[in-house]
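Please keep the structure in view while reading.

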Amino acid sequence: MTPPQPSECPERKALSEHCKTLEGVELRDLFRDDPTRGERLAAEACGLYLDYSKNLLTGETLGLLLRLVEASGLSARIDAMFAGEKLNTSENRSVLHVALRAPRDAKLEVDGRDVVPEVHAVLDRMADFCERVRSGAWQGHTGRRIRNVVNIGIGGSDLGPMMAYEALKHYSDRGLRFAFVSNVDASDFAESVRDFDPEETLFIICSKTFTTLETLGNARTARAWCLAALGDEAAVAKHFVAVSTNAEAVAAFGIEPANRFGFWDWVGGRYSLDSAVGLVLMVAIGPDRFREMLAGLRAMDEHFRTAPFERNLPVLLAAIGLWYNDFMGAQSFAILPYDQYLWRFSAYLQQLDMESSGKRVDREGRPVAGETGPIVWGQPGTNGQHAFYQLLHQGTKLVPCDFIGFARSLNPLGDHHDQLMANFFAQTKALAFGKTAEEVAAEGVPDSQQPHRSFPGNRPSNTLLAERLDPATLGKLVALYEHKVFVQGTVWNINSFDQWGVELGKQLADRIAPELSSDAALDHDSSTNTLIERYRKLRA
């Protein structure tokens, strides 16, 4: 029997009616009427403290949202994911990224096979390889040690490793230099290796199928760059390793079978950071720190699996996000980390959320009846304050925000961190409570200036606070948002684990690519034909 559309459930109808009762409600009033609101609307787990009091909701709102989540069958879906059931129905695959951080004594089965021993076998091989590179035991073709490591991938094979490397750079081996090449634009490769010596450079080619157009194009360019300097095909084996499931293609490229690190079809690209896709990160921070990150991921997995929904951090973030997306008309959502090391975190979550939730049909293939995923964006504070916070404070768009901060700096210089965190706390307060025209007038501001210098407030935000950014904390944050996305996909009844939307553009590009360097007749729409003809002329 086909389940009803989520829009038809009574919990959603109750929330729609409840939303009308909150029209005109101000955060100022909610805090004034409940002096304990800031303490009461908070939750803590795994060393992460979540303050969700500065949201446009009441206790009744939250209760209704949690009933909506419960009605979606989330508990059963969580159990099904951790049991290895094939939740990715359009590709008939399990969704078991949680197995990548399972302890050695755990048991998680896919098609009747316990995958945990395989996971740890790959992690052990990765650790051995990384120790050899870091110690200098792994040498290039001419006997010189590796000093430069270049990860070549795209999507989840680039965004995850790059984000995590930047986030954990404080813990990395500074005797090594790292670069990440993803764009098929030649400038990306050229600039990344400009100051590298081929004799001291190792490439990690990261592609599950070893057929991804952009990754293979960059890999072939890297191979040619290396061989132009070293002049011997045998050098490939010393300067290239692969993260891939395609053993035949990897061997044909010239990479030794022992230097191929595999993973599984039950790992989606955007969920693969803690698999062999994270090889470059393990080289950078070492196996022990990598295991600390896995422990952080595992801690949040266990919290998500066992905590009651009213105290479950991923569930709370998901429910609040549903409130704004489904009922309040918000179109976007900002991630604002107040730590420079997390400068790629928003981009990473952009893929995680938008590739997972950017769906227009449900799991049964029916058009969705309402909105699904929001547009995700952001950058670190305080830089963002001097870029787009103007719109957050005084613009006409409703943009819910997550602020992420840490009590301790990894680089304690003077009072820098207190200044940073003063802005962190001030911005959430300013967004929530604003400044009225009366308050502006009381400061002696002329009448003509008062409308321009008033702040409406009532702009919602969550605040996540942790002690410091370390590998375990990064793991907890990553898993927190992974599970948040899973919860929202469950409520929307969509498949959060496929990404067919990226395929059509690739297919058309494969068709167009040979046409750009020929004068063959074109058979596209008039716009595409005209553009290609102009490109041919300019190229010539």
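Predicted model: local features only at pLDDT ≥ 70, side-chain atom pairs only at ≥ 80, totals over all residues.

Which element gives the largest share of the lining of the largest cavity? It is α14, which contributes five residues.

**Cavities**

There are three cavities of 30 Å³ or more. The largest cavity holds about 150 Å³ of space. Its lining consists of 19 residues, and those nearest the centre are Gly321, Tyr324, Phe333, Pro400 and Lys484. Two or more lining residues come from each of α14 (313–327), β10 (332–337), β12 (401–406), β13 (461–466) and α20 (471–492). By class, this lining comprises nine nonpolar, seven polar and three charged residues.

The second largest cavity has a volume of about 50 Å³. It is lined by Phe333, Ile335, Leu349, Leu352, Asp353, Val376, Tyr481, Lys484 and Val485. The elements that supply two or more of these residues are β10, α15 (345–357) and α20. Seven residues of this lining are nonpolar and two are charged, while none is polar. Phe333 and Lys484 are found in the linings of both cavities.

The largest pocket contains about 960 Å³ of space. Its lining has 38 residues, among which Thr212, Gln499, Val502, Glu503 and Lys506 lie nearest the centre. Helices α7 (156–167), α9 (213–230), α15 and α21 (503–516) each give two or more residues to this lining. Its residues divide into twelve nonpolar, 15 polar and eleven charged.

The second largest pocket has about 400 Å³ of space. Of the 16 residues that line this pocket, Gln340, Ser409, His416, His417 and Leu420 lie nearest its centre. Its lining is made up of five nonpolar residues, ten polar residues and one charged residue.

| Space | Volume |
|---|---|
| Largest cavity | about 150 Å³ |
| Second largest cavity | about 50 Å³ |
| Largest pocket | about 960 Å³ |
| Second largest pocket | about 400 Å³ |

**The sheet**

Some of the strands named above also belong to a sheet. In what order do the six strands of the open sheet lie? The order is β1-β2-β13-β12-β10-β11, with mixed pairing. Strands β1 (42–45) and β11 (375–377) form the edges, each pairing on one side only. From one strand to the next, the twist averages 15°.

Within this sheet, β2 (residues 48–51) and β13 run antiparallel and are joined by three bridges. Leu50 stands opposite Leu464 of β13. Strand β13 is also one of the elements that give two or more residues to the lining of the largest cavity.

**Cysteines**

How many disulfides does the structure hold? The number is zero. A disulfide requires the two sulfur atoms to be within 2.5 Å.

Cys226 counts as buried because its relative accessibility is 0%. Cys46, by contrast, is partly exposed, with a relative accessible area of 24%.

Definitions and conventions:
Residues numbered from 1 in each chain as written. Heavy atoms only, no water. 1 Å grid on protein atoms, 1.4 Å probe; cavity = no way out; pocket = protein on both sides within 12 Å on 5 of 7 lines; lining within 4 Å. Points joined across faces, edges and corners; volume = space filled by probe spheres on them. Helix = DSSP H or I, 4+ residues; strand = E, 2+ residues; numbered from the N terminus. Nonpolar A, V, L, I, M, F, W, Y, C, P; charged D, E, K, R; others polar. Buried < 20%, exposed > 50% of the residue type's maximum accessible area, 1.4 Å probe, protein only. Pairing = 2+ DSSP bridges. Axes fitted to C-alpha atoms, helices over the stretch in contact; angles between N-to-C directions.
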